[in-house]
Amino acid sequence: MKHYLRIGGVVELSTVDIPQRACSVVFLAGCNFDCVFCQNSTLIPVNSGELIELTKLLNVIYKNILIDSVSITGGEPLLQPTLIPLCQELKKSFYVSVDTNGSLPRVTSELVNIVDRIALDLKCEFSRYTSITQTSSNTLENVMQSFNIINSSSVVDFEVRTTVVPELIMKDDIEAISRFLASHSFRGVYVLQQFWNEGDVRELKNITSPTRNKLIELAEVSINQGVQKVAIRTREKGYELIS
Ligand code: SF4
């Protein structure tokens with residue numbers, strides 16, 4: 001039986017997405033959130049992107065001799081049923097990482113036993129979750145379940161990430177998320193990533209990217225709340241571990 005995926009594109013080489021690795025980045029189309037700061041908003045509709053057969057996508061990735069890993073992002077990758085066979089195939093040759101918004105804990109519980117790394121978004125202070133993601137009220141409950149599933153796994157590398165968006169997601173959010181992580185024995189790396197106001201951003205056209213110094217300042221806020229491993233991700237310097 002042929003398997004298909006709906007993809008938004010493939011970036012052949014990135015050294016930013018997975019720490020210390022050269023990866024290809026596969027963008028899967030379709031998302032069940034509608035975040036106000038989404039930087040890939042053209043991938044939100046479930047019928048966006050292009051339908052591609054799994055073997056054809058694998059052939060594109062296998063041809064790339066520069067990579068040792070593959071990062072699967074979106075959209076929300078866990079919405080696509082072919083994600084699991086895709087990861088199973090890629091695992092035979094690569095370190096495999098998947099990004100998720102955390103809304104699908106049932107799929108997350110399958111994925112933790114297949115891939116090498118999961119990067120989970122914690123988008124904002126939790127009382128603002130519904131308004132920032134423009135989704136229904138049980139969203140946060142699902143995200144918390146996904147967090148617990150990944151955090152209690154001993155086999156998968158774990159990144160939690162927050163995109164820092166000036167005027168929208170700042171110190172109060174980082175403090176609240178950091179308090180949560182510190183009080184839940186978070187075992188992974190908390191990454192503050194820079195909002196890039198370009199491409200598919202719809203609603204925040206006048207907001208500029210936070211500086212690297214601002215991210216370092218916020219990383220210190222997180223460390224002061226008790227998070228053990230904190231990093232930043234910027235366009236200027238890529239991934240930098242701060243503590
Ligand atoms: S979860 Fe990610 S892809 Fe989906 S709307 Fe939010 S930022 Fe965009």
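User: Which residues surround the ligand?
Analyst: This is a predicted model, in which local features need pLDDT of at least 70, side-chain atom pairs count only at pLDDT 80 or more, and totals for chains, interfaces and linings use all residues. Residues are numbered from 1 along each chain as its sequence is written, and side-chain values use heavy atoms, with hydrogens and water left out. Taking a residue as near when one of its heavy atoms lies within 4 Å of the molecule, the ligand is surrounded by C31, F33, D34, C35, C38, I44, G75, N101 and K123.

User: How do the residues of the shell around the ligand divide into nonpolar, polar and charged?
Analyst: Ala, Val, Leu, Ile, Met, Phe, Trp, Tyr, Cys and Pro count as nonpolar, Asp, Glu, Lys and Arg as charged, and the others, Gly among them, as polar. On that basis the shell around the ligand divides into five nonpolar, two polar and two charged residues.

User: Is S24 buried or exposed?
Analyst: S24 is found in strand β2, residues 23-28, where strands are DSSP runs (E, at least two residues) numbered from the N terminus. Buried means under 20% relative accessible area and exposed over 50%, with partly exposed in between (1.4 Å probe, protein chains only). Because its relative accessible area is 2%, S24 is buried.

User: What distance separates the C-alpha atoms of T234 and L215?
Analyst: T234 lies in strand β9, residues 230-234, and is buried, with a relative accessible area of 1%. Not counting residues up to four places away in sequence, T234 touches several residues, L215 among them, where contact means heavy atoms within 4.5 Å. T234 and L215 are 19 residues apart along the chain, and their C-alpha atoms are separated by 8.5 Å.

Note on methods: Helices (H or I, at least four residues) and strands (E, at least two) are DSSP runs, numbered from the N terminus.
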